[in-house]
Amino acid sequence: MERNNEESSGLTMAQARMIAQMVTREVKRILEKREAARRAEVHEDYMTTREAAEYLGWPLKTVYNKIEELPHVKKGKRNYFTKSSLNAYITGI
């Protein structure tokens, strides 16, 4: 016996639409938050690796060990950080 999509998923079409709308709203909220952070970052001063370590309260070696996961801009051999990007990293945004 063949089931229709509604029966096989366990959701009614109305429930599926409601879930899709909720997911869409949440994705928009996250994207808007990230865009606002990006716009704010444009006007921020950049910190050196040493300044970022001081700001985070971490040893300099820890910053270098975590450099690949930290949000930063590389210019030549130097890395630069912004407070907002480090705050976003720490809070998991």
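Which residues make up the largest nonpolar core? I looked this up first, bearing in mind that the model is predicted. The core has nine residues: Met47, Ala52, Ala53, Leu56, Val63, Ile67, Leu70, Phe81 and Leu86. I then checked which element gives the most to this core, and found helix α3 (residues 49–56), with three residues.

Next entry: Phe81, one of the core residues. I listed what Phe81 touches, leaving out residues up to four places away in sequence. Among its contacts are the core members Met47, Ala52, Val63, Ile67, Leu70 and Leu86. Phe81 also touches Asp45, Tyr46, Thr48, Thr49, Pro71 and His72.

Then I went through the whole chain. I count five helices and two strands, and along the sequence they run α-α-α-α-β-β-α. Of the 93 residues, 14% are buried. For contacts between residues at least 6 apart in sequence, I get 52% joining residues at least 24 apart. The accessible surface comes to about 7700 Å², and carbon and sulfur atoms hold 54% of that.

Last entry: nonpolar residues on the outside. In soluble globular proteins, nonpolar side chains tend to be buried together. Here I found a nonpolar surface patch made of Leu11, Ile19, Val23, Val27 and Leu31. Together these five have about 400 Å² of accessible area.

I took a closer look at Leu11. Where does Leu11 lie? I place Leu11 in the loop between α1 (5–9) and α2 (13–42). Its relative accessible area is 32%, so I put Leu11 down as partly exposed, since that class runs between the 20% and 50% cut-offs.

Definitions and conventions: Residues are numbered from 1 along each chain as its sequence is written. This is a predicted model: local features need pLDDT of at least 70, side-chain atom pairs count only at pLDDT 80 or more; totals for chains, interfaces and linings use all residues. Side-chain values use heavy atoms; hydrogens and water are left out. A nonpolar core is a set of buried Ala, Val, Leu, Ile, Met, Phe, Trp, Tyr and Cys residues joined through side-chain atoms within 4.5 Å. Buried means under 20% relative accessible area, exposed over 50%, partly exposed in between (1.4 Å probe, protein chains only). Helices (H or I, at least four residues) and strands (E, at least two) are DSSP runs, numbered from the N terminus. Contact means heavy atoms within 4.5 Å. Accessible areas come from the Shrake-Rupley method with a 1.4 Å probe; for residues, only the protein chains shown count as cover. Patches are made of residues with over 30% relative accessible area and no salt bridge: like charges are joined within 9 Å, nonpolar side chains (Val, Leu, Ile, Met, Phe, Trp, Tyr) within 5 Å. A salt bridge is a side-chain nitrogen of Lys or Arg within 4 Å of a carboxyl oxygen of Asp or Glu.
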